[in-house]
Amino acid sequence: MPALPPGYTITHTTPSVETYISLRTSTGLTPFSTEAAARGLPNSLFTVQIMHEGLAVGMGRIVGDGGCFFQVTDICTQPAHRGQGLAKAVMAELTMWLERNAPKGAWVGLSADGEAGGLYKQFGFRPTTEEFDSVGMARVM
């Protein structure tokens, strides 16, 4: 795992609903309602938070059915803390968990926003159009 800069720590704890919503909105991710976050967070398979001076400044989660399908989601770092390898540290933690817990042949997906695809490629992810001749699709409720 990449070393964290001084003053930063990693926890494997799920953020509070308030922290989760705050991190998503402050980092430019699509916000979710309090109700959606309260329902979803307890169903995380694995969660990583980057802490600095007692506050969460980054996070990432794995969700899914625990056997066939896993989704890497919520990878974010607050703007003031970017450029220090924090997102890479989050991905390294998530990847180690997947390598220990996902069965052979499990499907692990993610959505790459903007230039984040470069980070995810470092961990073996490829666009589905290149690797599997399929196009990811989504529907927002």
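Start with Arg39, which is exposed at a relative accessible area of 59%; exposed means over 50% relative accessible area, buried under 20%, and partly exposed in between, with a 1.4 Å probe and protein chains only. Helices (H or I, at least four residues) and strands (E, at least two) are DSSP runs, numbered from the N terminus.

A word on the source: this is a predicted model, where local features need pLDDT of at least 70, side-chain atom pairs count only at pLDDT 80 or more, and totals for chains, interfaces and linings use all residues. Residues are numbered from 1 along each chain as its sequence is written, and side-chain values use heavy atoms, leaving out hydrogens and water.

How many salt bridges are there in the structure? There are three.

Next is Arg24 with Asp74, whose closest N and O atoms are 2.4 Å apart. Arg24 lies in helix H1, residues 17–26, and Asp74 in strand E4, residues 69–77, so this pair ties together parts 50 residues apart in sequence. Arg24 is buried at 7% relative accessibility, and Asp74 is buried at 4%.

Asp74 also meets Arg61 in a salt bridge, at 2.6 Å from N to O. Arg61 is in strand E3, residues 55–64, 13 residues from Asp74. Arg61 is buried too. Through shared partners, salt bridges join Arg24, Arg61 and Asp74 into one network.

How values were computed
A salt bridge is a side-chain nitrogen of Lys or Arg within 4 Å of a carboxyl oxygen of Asp or Glu.
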